[in-house]
Amino acid sequence: MIPARWPREEPLRERLLHVDPCSGSLRDARIADLPAILRPSDVLVVNDAATLPGSLQGLGPGGTPLEIRLVAALPDDSFRAALFGAGDWRIPTERRAAPPLLRTSDELHFAPDLRATVERISEVSPRLLDLRFHDRGAALWSRLYAIGRPVQYSYARAPFELWHVQLAYASRPWAAEMPSAGRPLRWDLLLALRQRGTKVVPLTHAAGLSSTGDAALDAALPLPERFDIPQATAQAVAAARAEGGRIVAAGTSVARALEGAALECGGALEACSGETDLVIGPGYRTKVVDGLLTGVHEKSQSHYALLHAFAGGDLLERASAHAEAAGYLTHEFGDSWLILQCSGLRPPPVAGKARSSG
Amino acid sequence: MKGKGVLITGGSKGLGAALAEELSGAGARVVLVARAEEELRKTVARIRDRGGEAHALPGDVSDKLQAHRIAGAAAALVGPIELLVHNASTLGPTPLRLLLDTECEDLEQVLQTNLVGPFRLTKIVAGAMALRGSGLVLHVSSDTAVAAYPRWGAYGVSKAALDHMNRIWALELAQTGVRFLSVDPGEMHAAAMPEADRAELAQPVRVARWIARLVAHGVESGSRIVVPGEAR
């Protein structure tokens with residue numbers, strides 16, 4: 001499939017493939033059709049995490065050039081980060097030279113004035129590190145924003161700035177990469193949804209890196225990610241569920257946060273904060289989420305496995321073949337799928353598949 | 001205001017600093033932005049000495065590339081921003097000039113700081129407010145927005161446009177729970193007014209106290225409010 005190489009000028013005109021697991025039908029639509037497809041009783045949940053300026057070009061011991069990508073802020077003010085070999089955005093990460101082998105206590109320097117010390121190297125991969133920057137608080141965040149760029153994509157026409165990747169409702173900078181399913185959701189559309197009665201509510205989920213090009217590290221993705229479910233969101237979800245409304249997650253990160261939070265915080269969705277290591281895939285029966293608004297994922301991508309929690313393999317195969325034949329665009333700035341159950345009423349949940357990682 | 005995230009531009013001195021002190025005293029978590037780094041740090045230190053929470057973000061609101069740095073760093077430091085105060089402003093070159101003598105670049109710079117900068121920051125911050133169903137964006141205006149004074153052309157135009165943008169923001173986001181206000185504090189006792197008679201100027205601390213009370217009470221979104229003479 002063809003990637004969209006740059007943000008498009010009219011997000012509302014972007015294509016939306018409506019996949020209906022009830023009837024098995026596929027329907028070509030536009031993002032602007034969402035208010036007509038969703039019902040007033042439905043709730044659309046979005047991830048309001050802003051994208052970190054998480055890609056930092058720097059130097060390791062002996063002046064070895066390297067790149068780090070911030071994965072997540074840790075509770076003790078340090079950061080988890082992935083290490084890459086030298087190279088700019090034009091070189092796919094899997095074709096980069098191997099990064100230097102770092103050890104704890106090694107110091108990294110990011111010009112002009114940011115330094116960090118390696119505090120821990122993960123057992124998952126020597127490329128997964130815990131870093132402590134030498135600045136804290138406002139000084140650290142000022143420097144991160146001055147030096148860092150959002151994670152770049154080699155398929156792009158040119159490098160991206162934060163203006164290209166921040167969503168229309170982004171708040172705290174928790175996301176390692178843009179939670180891209182929310183990218184076409186402009187306020188014109190969100191207000192139209194609300195006008196029809198469909199609630200649009202936020203959560204914050206620290207969406208991680210989509211891939212690193214390193215087999216061991218990619219096999220461990222997604223890493224545990226933190227989430228925050230506001231009271232109003234938990235209430236909106238509960239009210240909709242009680243009335244047979246459907247809960248639609250705008251993106252795989254929202255699905256992971258809602259399902260993970262329900263598991264971590266007592267079985268049903270409540271206002272809570274935490275970290276989830278839930279991996280949703282084939283065989284997982286969702287407890288909260290009835291539908292998924294998502295980018296167009298190729299079968300080789302890890303996100304594709306998550307789609308099996310929302311539709312059968314045969315339907316997903318047909319949807320993929322249709323999207324490819326009809327010229328749907330892929331990747332972060334591409335078109336979208338909406339996989340939506342016909343009813344929010346379903347049998348009581350069964351235990352899901354969860355796993356520990358880290 | 002207890003625990004709420006507040007972002008104030010032009011926060012190193014005058015009304016911005018006084019508002020920061022007032023709001024942090026009420027328990028707000030305040031992020032201050034200004035170009036003058038040293039003054040900014042002194043203001044933050046003063047607030048912290050009194051037990052308040054404040055953070056200094058040196059920055060220039062007229063620079064598009066700094067907008068995400070300011071909003072993102074602020075949200076990282078104090079959580080979702082619930083009150084955004086657009087207080088930073090520039091008069092342009094002084095002594096003030098007739099429009100015929102105003103350089104095109106000087107007018108552009110005044111608009112960047114006083115109008116486009118606030119637009120960018122609100123564009124970044126207000127979407128999250130609307131999604132959460134609450135928030136307040138406060139524009140610090142001036143009587144030059146409604147009265148035409150010779151030599152105050154660039155500044156007056158920028159403030160008139162800021163007032164109008166305040167009304168349009170309020171209309172467009174009327175059903176979201178986000179409120180927009182424009183406040184004319186009266187001429188302030190601050191270094192930004194080099195040509196004014198200082199004896200007639202308002203005291204930032206008194207005005208800040210009045211605005212803090214205004215923030216706490218429900219005022220119709222889109223309003224333009226003049227701080228009354230007795231409150232200055």
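Tutor: Domain bounds here come from an automatic or database domain assignment. This is a predicted model. For chain A, the assignment gives domain 1 (2–51 + 159–340) and domain 2 (55–147).

Now the core. The largest nonpolar core has 170 residues. Those with the most contacts inside it are Val45(A), Leu258(A), Val30(B), Val31(B), Leu32(B) and Ala74(B). Helix α4 (residues 104–132) of chain B gives the most, with 11 residues. Domain 1 and domain 2 of chain A both give residues to this core, so it lies between them. In general, nonpolar side chains tend to be buried together in soluble globular proteins.

Take Ala74(B). Leaving out residues up to four places away in sequence, Ala74(B) touches Leu7(B), Val31(B), Leu57(B) and Ile81(B).

Next, the two domains of chain A. Their C-alpha centres lie 29 Å apart. In contact are 14 residues of domain 1 and 14 residues of domain 2. On the domain 1 side, α5 (215–219) and β14 (225–229) of chain A each supply at least two residues. That side divides into eight nonpolar, three polar and three charged residues.

Last, the chain contact. Here 23 residues of chain A are in contact with 21 residues of chain B. On the chain A side, the elements giving two or more residues are α2 (137–147), α3 (162–165), α4 (187–195) and β13 (199–205) of chain A. The largest share, six residues, comes from α2(A). The chain A side divides into 16 nonpolar, four polar and three charged residues.

Notes: Residues are numbered from 1 along each chain as its sequence is written. Chains are lettered from A and ligands numbered from 1 in the order in which they are written. This is a predicted model: local features need pLDDT of at least 70, side-chain atom pairs count only at pLDDT 80 or more; totals for chains, interfaces and linings use all residues. A nonpolar core is a set of buried Ala, Val, Leu, Ile, Met, Phe, Trp, Tyr and Cys residues joined through C-beta atoms within 7 Å. A residue is buried if 20 or more other C-beta atoms lie within 10 Å of its own, exposed if 12 or fewer, and partly exposed in between; C-beta atoms are placed from the backbone. Helices (H or I, at least four residues) and strands (E, at least two) are DSSP runs, numbered from the N terminus. Two residues are in contact if their C-beta atoms, placed from the backbone, lie within 7 Å. Ala, Val, Leu, Ile, Met, Phe, Trp, Tyr, Cys and Pro count as nonpolar, Asp, Glu, Lys and Arg as charged, and the others, Gly among them, as polar.
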